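Welcome! Take a moment to look over the model below, and then we will walk through it one part at a time.

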Amino acid sequence: MALHGLYIHIPFCPQICPYCAFSSLRGVDHLHERYVLALCNELCARGETYQRNPLQTVFFGGGTPTQIDPSLIGQVLETVDRVFGMCSDVEITVEANPGTVDLEKFSHLRSVGCNRLSLGVQSFDNYALKKLGRVHSSEEAIRAFSSAREAGFSNVSIDLIFSVPSVSEPAWKGSVDRAISLQPEHISAYALTIEEGTLFAKREREGMLVVLTEDDDAIQYDWTRHRLMSAGFGQYEVSNFAQDGRESRHNLGYWTGLEYLGVGLSAHSYIGGERFWNISDIESYLQRVEGKISPEEGRERVDGQTARRERFWLGLRTSQGVLLTEMEQEILKHNCRMASLVDAEFLRLEHDRVVLADSGWCRADGLAVELTDLLEQKPEGTPNVC
Ligand SMILES: C[S@@+](CC[C@H](N)C(=O)[O-])C[C@H]1O[C@@H](n2cnc3c(N)ncnc32)[C@H](O)[C@@H]1O
Ligand code: SF4
(Lines give C-alpha, C1' and ligand atoms only; values in the text may rest on other atoms or scores of the structure.)
(Ligands and ions follow the chains in the order given, each with its own letter.)
Protein backbone atom coordinates (compact mmCIF):
# COMPACT_ATOMS: atom_id res chain seq x y z
CA MET A 1 0.00 0.00 0.00
CA ALA A 2 1.31 3.48 -0.81
CA LEU A 3 1.68 6.20 1.80
CA HIS A 4 -1.51 8.28 1.62
CA GLY A 5 -0.93 11.05 4.12
CA LEU A 6 1.64 12.81 6.24
CA TYR A 7 0.86 14.23 9.69
CA ILE A 8 3.23 16.90 11.04
CA HIS A 9 2.89 17.81 14.70
CA ILE A 10 3.55 21.39 15.79
CA PRO A 11 3.37 21.34 19.60
CA PHE A 12 3.41 25.08 20.37
CA CYS A 13 0.35 26.90 21.73
CA PRO A 14 -0.43 30.44 22.93
CA GLN A 15 -1.97 28.90 26.09
CA ILE A 16 -2.89 25.46 27.38
CA CYS A 17 -6.67 25.07 27.25
CA PRO A 18 -8.07 23.37 30.38
CA TYR A 19 -9.81 20.60 28.39
CA CYS A 20 -7.00 19.69 26.00
CA ALA A 21 -4.79 16.61 26.21
CA PHE A 22 -2.95 17.07 22.92
CA SER A 23 0.83 17.27 23.11
CA SER A 24 1.23 21.03 23.48
CA LEU A 25 3.66 23.51 25.06
CA ARG A 26 3.50 27.20 25.88
CA GLY A 27 6.20 29.72 26.63
CA VAL A 28 8.89 28.04 24.52
CA ASP A 29 8.76 30.19 21.38
CA HIS A 30 12.58 30.21 21.31
CA LEU A 31 12.41 26.53 20.24
CA HIS A 32 10.46 27.07 17.00
CA GLU A 33 13.41 27.13 14.61
CA ARG A 34 15.26 24.31 16.33
CA TYR A 35 12.10 22.15 16.29
CA VAL A 36 11.44 22.79 12.60
CA LEU A 37 15.01 21.86 11.74
CA ALA A 38 14.52 18.62 13.71
CA LEU A 39 11.26 17.96 11.81
CA CYS A 40 13.09 18.37 8.48
CA ASN A 41 15.84 16.01 9.65
CA GLU A 42 13.29 13.43 10.80
CA LEU A 43 11.56 13.68 7.39
CA CYS A 44 14.88 13.11 5.58
CA ALA A 45 15.65 10.10 7.79
CA ARG A 46 12.18 8.63 7.18
CA GLY A 47 12.64 9.23 3.47
CA GLU A 48 15.53 6.75 3.51
CA THR A 49 13.21 4.03 4.85
CA TYR A 50 10.12 4.66 2.74
CA GLN A 51 9.89 4.83 -1.00
CA ARG A 52 9.39 8.23 -2.53
CA ASN A 53 5.74 8.39 -3.48
CA PRO A 54 3.72 11.56 -3.97
CA LEU A 55 1.51 12.28 -0.97
CA GLN A 56 -2.24 12.84 -1.30
CA THR A 57 -2.51 14.82 1.93
CA VAL A 58 -0.35 16.74 4.38
CA PHE A 59 -1.77 17.84 7.74
CA PHE A 60 -0.12 20.31 10.11
CA GLY A 61 -1.78 19.63 13.47
CA GLY A 62 -1.08 20.50 17.01
CA GLY A 63 -0.68 22.15 19.20
CA THR A 64 -1.14 25.23 17.13
CA PRO A 65 0.70 25.33 13.80
CA THR A 66 -0.20 29.03 13.42
CA GLN A 67 1.85 29.79 16.53
CA ILE A 68 5.02 29.45 14.41
CA ASP A 69 6.06 31.70 11.54
CA PRO A 70 4.55 30.61 8.19
CA SER A 71 8.02 30.66 6.62
CA LEU A 72 8.83 27.68 8.91
CA ILE A 73 5.76 25.83 7.59
CA GLY A 74 7.10 26.63 4.10
CA GLN A 75 10.50 25.20 5.05
CA VAL A 76 8.87 21.93 6.16
CA LEU A 77 6.79 21.74 2.95
CA GLU A 78 9.90 22.18 0.80
CA THR A 79 11.48 19.24 2.62
CA VAL A 80 8.31 17.15 2.25
CA ASP A 81 8.29 17.83 -1.48
CA ARG A 82 11.96 16.95 -1.85
CA VAL A 83 11.72 13.76 0.23
CA PHE A 84 8.31 12.30 -0.72
CA GLY A 85 6.82 14.55 -3.40
CA MET A 86 3.20 15.74 -3.38
CA CYS A 87 0.36 15.04 -5.85
CA SER A 88 -0.71 17.94 -8.05
CA ASP A 89 -4.02 18.13 -6.13
CA VAL A 90 -2.49 17.53 -2.69
CA GLU A 91 -4.62 18.67 0.27
CA ILE A 92 -2.45 20.66 2.70
CA THR A 93 -4.30 21.48 5.92
CA VAL A 94 -3.15 23.76 8.72
CA GLU A 95 -4.87 23.91 12.10
CA ALA A 96 -5.25 27.52 13.17
CA ASN A 97 -6.18 29.15 16.47
CA PRO A 98 -8.14 32.39 15.83
CA GLY A 99 -6.08 34.12 18.54
CA THR A 100 -2.84 33.62 16.59
CA VAL A 101 -3.72 34.75 13.06
CA ASP A 102 -4.26 37.77 10.83
CA LEU A 103 -4.59 38.49 7.12
CA GLU A 104 -0.82 38.67 6.65
CA LYS A 105 -0.22 35.28 8.29
CA PHE A 106 -2.98 33.63 6.27
CA SER A 107 -1.65 35.16 3.02
CA HIS A 108 1.82 33.87 3.86
CA LEU A 109 0.43 30.37 4.58
CA ARG A 110 -1.35 30.41 1.21
CA SER A 111 1.83 31.51 -0.55
CA VAL A 112 3.83 28.56 0.84
CA GLY A 113 1.21 26.13 -0.48
CA CYS A 114 -1.34 25.54 2.32
CA ASN A 115 -4.79 25.14 0.76
CA ARG A 116 -7.07 24.07 3.64
CA LEU A 117 -7.61 25.62 7.07
CA SER A 118 -9.07 24.05 10.18
CA LEU A 119 -10.03 26.94 12.43
CA GLY A 120 -10.32 26.11 16.15
CA VAL A 121 -13.25 28.39 16.96
CA GLN A 122 -14.88 26.08 19.57
CA SER A 123 -17.78 28.50 20.14
CA PHE A 124 -19.19 31.82 18.96
CA ASP A 125 -20.44 32.52 22.48
CA ASN A 126 -18.06 34.60 24.61
CA TYR A 127 -19.20 33.02 27.87
CA ALA A 128 -18.48 29.53 26.48
CA LEU A 129 -15.08 30.69 25.18
CA LYS A 130 -14.23 31.95 28.65
CA LYS A 131 -15.30 28.65 30.21
CA LEU A 132 -13.09 26.85 27.71
CA GLY A 133 -10.16 29.12 28.59
CA ARG A 134 -9.70 30.32 25.02
CA VAL A 135 -7.45 33.28 24.17
CA HIS A 136 -9.84 34.72 21.57
CA SER A 137 -13.35 36.16 21.49
CA SER A 138 -16.20 35.28 19.16
CA GLU A 139 -15.61 38.55 17.25
CA GLU A 140 -11.94 37.62 16.73
CA ALA A 141 -12.98 34.21 15.44
CA ILE A 142 -15.32 35.84 12.91
CA ARG A 143 -12.55 38.25 11.85
CA ALA A 144 -10.15 35.31 11.49
CA PHE A 145 -12.62 33.54 9.21
CA SER A 146 -13.03 36.65 7.01
CA SER A 147 -9.25 37.13 6.84
CA ALA A 148 -8.83 33.51 5.76
CA ARG A 149 -11.28 34.10 2.91
CA GLU A 150 -9.57 37.37 1.97
CA ALA A 151 -6.23 35.57 1.86
CA GLY A 152 -7.68 33.11 -0.64
CA PHE A 153 -8.53 30.06 1.48
CA SER A 154 -11.49 28.48 -0.30
CA ASN A 155 -11.53 25.35 1.86
CA VAL A 156 -12.09 26.23 5.53
CA SER A 157 -13.31 24.09 8.38
CA ILE A 158 -14.62 25.34 11.73
CA ASP A 159 -14.18 23.30 14.95
CA LEU A 160 -16.93 23.62 17.56
CA ILE A 161 -17.29 22.01 21.01
CA PHE A 162 -20.70 21.27 22.54
CA SER A 163 -21.81 19.97 25.96
CA VAL A 164 -19.73 22.59 27.74
CA PRO A 165 -20.86 22.71 31.41
CA SER A 166 -23.03 25.72 32.32
CA VAL A 167 -23.31 26.87 28.69
CA SER A 168 -27.00 27.14 27.83
CA GLU A 169 -28.63 25.29 24.99
CA PRO A 170 -29.63 28.53 23.18
CA ALA A 171 -25.97 29.64 23.36
CA TRP A 172 -24.86 26.40 21.70
CA LYS A 173 -27.58 26.61 19.06
CA GLY A 174 -26.59 30.22 18.36
CA SER A 175 -22.99 29.09 17.86
CA VAL A 176 -23.97 26.46 15.32
CA ASP A 177 -26.19 28.96 13.49
CA ARG A 178 -23.37 31.51 13.41
CA ALA A 179 -20.98 28.90 12.02
CA ILE A 180 -23.49 28.03 9.29
CA SER A 181 -24.00 31.70 8.42
CA LEU A 182 -20.28 32.06 7.65
CA GLN A 183 -20.65 29.34 4.98
CA PRO A 184 -17.51 27.30 5.67
CA GLU A 185 -16.91 24.20 3.57
CA HIS A 186 -16.67 21.96 6.63
CA ILE A 187 -17.70 21.91 10.29
CA SER A 188 -16.42 19.57 13.04
CA ALA A 189 -18.67 19.41 16.12
CA TYR A 190 -17.08 17.61 19.06
CA ALA A 191 -18.68 16.71 22.38
CA LEU A 192 -16.48 17.99 25.19
CA THR A 193 -14.45 15.05 26.47
CA ILE A 194 -12.94 15.21 29.95
CA GLU A 195 -9.42 13.96 29.28
CA GLU A 196 -7.19 12.50 31.99
CA GLY A 197 -4.38 14.86 33.01
CA THR A 198 -6.23 18.07 32.10
CA LEU A 199 -7.36 20.87 34.39
CA PHE A 200 -10.99 19.98 33.63
CA ALA A 201 -10.38 16.40 34.87
CA LYS A 202 -8.92 17.77 38.11
CA ARG A 203 -11.84 20.16 38.57
CA GLU A 204 -14.31 17.35 37.91
CA ARG A 205 -12.62 15.14 40.53
CA GLU A 206 -12.80 18.02 43.03
CA GLY A 207 -16.52 18.52 42.28
CA MET A 208 -15.86 21.96 40.76
CA LEU A 209 -16.99 20.94 37.27
CA VAL A 210 -20.23 19.11 36.68
CA VAL A 211 -20.43 17.57 33.23
CA LEU A 212 -23.63 17.10 31.25
CA THR A 213 -25.58 13.85 31.58
CA GLU A 214 -25.38 11.40 28.67
CA ASP A 215 -28.99 12.22 27.81
CA ASP A 216 -28.36 15.99 27.64
CA ASP A 217 -25.25 15.33 25.59
CA ALA A 218 -27.24 13.18 23.16
CA ILE A 219 -29.94 15.86 22.84
CA GLN A 220 -27.37 18.54 21.88
CA TYR A 221 -25.65 16.16 19.49
CA ASP A 222 -28.85 15.12 17.78
CA TRP A 223 -30.03 18.70 17.37
CA THR A 224 -26.62 19.64 15.92
CA ARG A 225 -26.59 16.79 13.38
CA HIS A 226 -30.04 17.63 12.09
CA ARG A 227 -29.38 21.40 12.01
CA LEU A 228 -26.15 20.96 10.04
CA MET A 229 -27.69 18.49 7.64
CA SER A 230 -30.69 20.75 7.01
CA ALA A 231 -28.19 23.53 6.19
CA GLY A 232 -26.62 21.37 3.47
CA PHE A 233 -23.69 19.80 5.35
CA GLY A 234 -23.48 16.07 4.76
CA GLN A 235 -22.53 14.04 7.82
CA TYR A 236 -19.64 11.80 6.80
CA GLU A 237 -18.34 10.93 10.27
CA VAL A 238 -19.72 11.10 13.81
CA SER A 239 -18.26 14.58 14.43
CA ASN A 240 -17.68 15.79 10.86
CA PHE A 241 -19.92 17.53 8.35
CA ALA A 242 -19.03 18.86 4.92
CA GLN A 243 -20.37 20.50 1.81
CA ASP A 244 -20.37 18.11 -1.16
CA GLY A 245 -16.83 17.05 -2.05
CA ARG A 246 -15.25 19.01 0.83
CA GLU A 247 -14.72 16.12 3.25
CA SER A 248 -11.24 16.07 4.82
CA ARG A 249 -9.28 13.69 2.60
CA HIS A 250 -6.62 13.40 5.29
CA ASN A 251 -8.99 12.31 8.05
CA LEU A 252 -10.89 9.99 5.69
CA GLY A 253 -7.55 8.25 5.18
CA TYR A 254 -7.32 7.52 8.94
CA TRP A 255 -10.88 6.24 9.12
CA THR A 256 -10.61 3.95 6.10
CA GLY A 257 -7.32 2.32 7.09
CA LEU A 258 -4.95 4.02 4.61
CA GLU A 259 -1.26 4.31 5.47
CA TYR A 260 0.11 7.49 7.01
CA LEU A 261 3.38 8.71 8.46
CA GLY A 262 3.44 11.06 11.44
CA VAL A 263 6.49 13.18 12.26
CA GLY A 264 7.25 15.38 15.24
CA LEU A 265 6.62 15.21 18.95
CA SER A 266 4.36 12.25 19.92
CA ALA A 267 3.23 11.74 16.31
CA HIS A 268 1.71 8.35 15.39
CA SER A 269 2.11 6.39 12.14
CA TYR A 270 0.45 3.39 10.53
CA ILE A 271 2.47 1.67 7.82
CA GLY A 272 2.79 -1.95 6.65
CA GLY A 273 0.41 -3.30 9.31
CA GLU A 274 2.39 -1.65 12.12
CA ARG A 275 1.68 1.30 14.37
CA PHE A 276 4.54 3.31 15.78
CA TRP A 277 4.82 6.55 17.67
CA ASN A 278 7.37 9.16 18.71
CA ILE A 279 8.42 10.20 22.19
CA SER A 280 6.49 13.06 23.78
CA ASP A 281 9.22 14.90 25.69
CA ILE A 282 10.43 17.89 23.66
CA GLU A 283 14.03 17.95 24.88
CA SER A 284 14.49 14.20 24.28
CA TYR A 285 12.88 14.54 20.85
CA LEU A 286 15.23 17.36 19.84
CA GLN A 287 18.35 15.70 21.23
CA ARG A 288 17.62 12.38 19.61
CA VAL A 289 16.96 13.82 16.15
CA GLU A 290 19.98 16.13 16.44
CA GLY A 291 22.09 13.11 17.40
CA LYS A 292 20.73 11.19 14.36
CA ILE A 293 18.88 8.75 16.66
CA SER A 294 15.29 7.79 15.80
CA PRO A 295 12.72 9.58 18.02
CA GLU A 296 10.48 6.51 17.88
CA GLU A 297 9.24 5.43 21.32
CA GLY A 298 7.25 2.32 20.52
CA ARG A 299 6.00 0.06 17.76
CA GLU A 300 3.41 -2.71 17.55
CA ARG A 301 2.13 -5.05 14.88
CA VAL A 302 -1.63 -4.84 14.48
CA ASP A 303 -2.83 -8.45 14.89
CA GLY A 304 -5.94 -9.88 13.22
CA GLN A 305 -8.29 -9.26 16.14
CA THR A 306 -7.05 -5.69 16.71
CA ALA A 307 -7.31 -4.98 12.97
CA ARG A 308 -10.92 -6.17 12.97
CA ARG A 309 -11.79 -4.10 16.03
CA GLU A 310 -10.21 -1.00 14.48
CA ARG A 311 -12.00 -1.63 11.16
CA PHE A 312 -15.32 -1.62 13.05
CA TRP A 313 -14.48 1.17 15.48
CA LEU A 314 -13.23 3.56 12.78
CA GLY A 315 -15.49 2.43 9.92
CA LEU A 316 -18.74 2.51 11.85
CA ARG A 317 -18.12 6.17 12.73
CA THR A 318 -18.28 7.05 9.01
CA SER A 319 -21.33 7.31 6.77
CA GLN A 320 -19.86 4.56 4.56
CA GLY A 321 -19.97 2.15 7.48
CA VAL A 322 -17.96 -1.08 7.63
CA LEU A 323 -17.34 -3.32 4.64
CA LEU A 324 -18.15 -6.86 5.84
CA THR A 325 -16.54 -10.15 4.85
CA GLU A 326 -18.96 -12.82 3.56
CA MET A 327 -18.70 -14.68 6.87
CA GLU A 328 -19.50 -11.50 8.84
CA GLN A 329 -22.49 -10.83 6.59
CA GLU A 330 -23.82 -14.35 7.20
CA ILE A 331 -23.40 -14.10 10.97
CA LEU A 332 -25.01 -10.67 11.25
CA LYS A 333 -27.91 -11.52 8.90
CA HIS A 334 -28.98 -14.36 11.18
CA ASN A 335 -28.17 -12.96 14.60
CA CYS A 336 -31.03 -12.09 16.99
CA ARG A 337 -29.15 -9.27 18.76
CA MET A 338 -28.31 -7.73 15.39
CA ALA A 339 -32.00 -7.95 14.42
CA SER A 340 -32.96 -6.02 17.57
CA LEU A 341 -30.31 -3.33 16.85
CA VAL A 342 -31.77 -2.96 13.35
CA ASP A 343 -35.36 -2.80 14.73
CA ALA A 344 -34.30 -0.06 17.18
CA GLU A 345 -32.89 1.92 14.21
CA PHE A 346 -29.36 1.84 15.61
CA LEU A 347 -27.88 -0.06 12.65
CA ARG A 348 -28.69 -0.97 9.05
CA LEU A 349 -27.38 -3.84 6.97
CA GLU A 350 -26.86 -2.60 3.43
CA HIS A 351 -25.79 -5.44 1.14
CA ASP A 352 -22.12 -5.95 2.14
CA ARG A 353 -21.92 -3.13 4.73
CA VAL A 354 -23.17 -2.35 8.20
CA VAL A 355 -23.93 1.35 8.70
CA LEU A 356 -25.32 3.54 11.45
CA ALA A 357 -29.07 4.19 11.29
CA ASP A 358 -30.50 7.51 12.53
CA SER A 359 -30.61 6.62 16.26
CA GLY A 360 -27.18 4.98 16.18
CA TRP A 361 -25.05 8.08 15.54
CA CYS A 362 -24.88 9.11 19.20
CA ARG A 363 -23.69 5.64 20.28
CA ALA A 364 -21.35 4.65 17.44
CA ASP A 365 -18.45 3.53 19.68
CA GLY A 366 -20.65 1.32 21.87
CA LEU A 367 -22.26 -0.25 18.81
CA ALA A 368 -18.84 -1.01 17.29
CA VAL A 369 -17.85 -2.85 20.49
CA GLU A 370 -21.14 -4.72 20.49
CA LEU A 371 -20.69 -5.80 16.86
CA THR A 372 -17.13 -7.05 17.31
CA ASP A 373 -18.09 -8.89 20.54
CA LEU A 374 -20.96 -10.48 18.72
CA LEU A 375 -18.75 -11.56 15.79
CA GLU A 376 -16.00 -12.84 18.08
CA GLN A 377 -18.37 -14.89 20.24
CA LYS A 378 -19.85 -16.57 17.21
CA PRO A 379 -18.02 -19.77 16.25
CA GLU A 380 -17.23 -19.42 12.55
CA GLY A 381 -19.65 -21.08 10.12
CA THR A 382 -22.52 -21.57 12.55
CA PRO A 383 -25.14 -18.95 11.78
CA ASN A 384 -27.73 -18.58 14.52
CA VAL A 385 -31.20 -18.31 12.94
CA CYS A 386 -33.67 -16.26 15.03
C1 LIG B 1 -5.28 20.54 18.05
S2 LIG B 1 -6.75 21.34 18.34
C3 LIG B 1 -6.99 22.62 17.10
C4 LIG B 1 -6.14 23.77 16.77
C5 LIG B 1 -5.77 24.81 17.78
N6 LIG B 1 -4.84 24.24 18.69
C7 LIG B 1 -6.92 25.41 18.50
O8 LIG B 1 -7.21 24.95 19.62
O9 LIG B 1 -7.52 26.35 17.99
C10 LIG B 1 -7.92 20.26 17.58
C11 LIG B 1 -9.36 20.36 17.99
O12 LIG B 1 -9.69 19.32 18.91
C13 LIG B 1 -10.83 19.70 19.64
N14 LIG B 1 -10.61 19.28 21.02
C15 LIG B 1 -9.45 19.30 21.71
N16 LIG B 1 -9.64 18.80 22.96
C17 LIG B 1 -10.95 18.45 23.07
C18 LIG B 1 -11.76 17.89 24.11
N19 LIG B 1 -11.26 17.59 25.29
N20 LIG B 1 -13.07 17.67 23.85
C21 LIG B 1 -13.59 17.97 22.63
N22 LIG B 1 -12.88 18.50 21.62
C23 LIG B 1 -11.57 18.75 21.83
C24 LIG B 1 -11.01 21.19 19.48
O25 LIG B 1 -12.19 21.44 18.77
C26 LIG B 1 -9.79 21.61 18.70
O27 LIG B 1 -10.07 22.64 17.80
S1 SF4 C 1 -7.03 23.20 22.17
FE2 SF4 C 1 -5.53 23.88 20.71
S3 SF4 C 1 -4.72 25.81 21.58
FE4 SF4 C 1 -5.75 24.75 23.23
S5 SF4 C 1 -4.09 23.59 24.22
FE6 SF4 C 1 -5.10 22.21 22.77
S7 SF4 C 1 -3.89 22.34 20.96
FE8 SF4 C 1 -3.36 24.14 22.22
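## Around the two ligands

Which residues lie around ligand 2? They are Cys13, Ile16, Cys17, Cys20, Phe22, Ser24, Gly62, Gly63, Thr64, Asn97 and Gly120. A residue counts as near a molecule if its C-beta atom, placed from the backbone, lies within 6 Å of it. By class, this shell holds five nonpolar, six polar and no charged residues. Here Ala, Val, Leu, Ile, Met, Phe, Trp, Tyr, Cys and Pro count as nonpolar, Asp, Glu, Lys and Arg as charged, and the others, Gly among them, as polar.

Before going on, please note that this is a predicted model, in which local features need pLDDT of at least 70 and side-chain atom pairs count only at pLDDT 80 or more, while totals for chains, interfaces and linings use all residues. Residues are numbered from 1 along each chain as its sequence is written, and chains are lettered from A and ligands numbered from 1 in the order in which they are written.

Now turn to ligand 1, which is surrounded by 17 residues. The closest are Glu95, Asn97, Gly120, Asp159 and Tyr190. Its shell is made up of seven nonpolar, seven polar and three charged residues. At least two shell residues come from each of β2 (55-62), β4 (116-122) and β5 (156-162). Such labels follow DSSP runs, numbered from the N terminus: helices are H or I with at least four residues, and strands are E with at least two.

## Two backbone details

Find the peptide bond that runs from Gly62 to Gly63: this bond is cis, with omega near 15°. Gly63 sits in the loop between β2 and α2 (70-83).

Gln122 is also worth a look. This residue is not a glycine, yet its phi is positive, at about 70°. You will find Gln122 in strand β4.

## How the domains meet

An automatic or database domain assignment sets the bounds, giving domain 1 (3-254) and domain 2 (305-377). Their C-alpha centres are 29 Å apart. Eight residues from domain 1 and six residues from domain 2 make the contact, where two residues are in contact if their C-beta atoms, placed from the backbone, lie within 7 Å.

On the domain 1 side, α8 (214-230) and β7 (234-237) each give two or more residues. The largest share, four residues, belongs to α8. This side of domain 1 has four nonpolar, one polar and three charged residues.

## A pair of crossing helices

The axes of α11 (residues 304-316) and α14 (residues 364-377) come within 9 Å and cross at roughly 145°. These axes are lines fitted to C-alpha atoms over the stretch in contact, with angles from 0 to 180 degrees between N-to-C directions.

Which residues of α11 make the contact? They are Arg308, Arg309, Phe312, Trp313 and Leu316, and they meet residues of α14 including Leu367 and Leu371. Counted by class, the contact of α11 with α14 has seven nonpolar, one polar and three charged residues.

## Strands side by side

Three strands form an open sheet in the order β13-β15-β14, with antiparallel pairing. Glu350 has Arg353 as its bridge partner in β15.

Strands β10 (residues 268-271) and β11 (residues 274-278) also pair in the antiparallel sense over four bridges. Their hairpin has two residues between the strands, and Gly272 takes a positive phi near 55°.

Definitions and conventions. Pairing = 2+ DSSP bridges.
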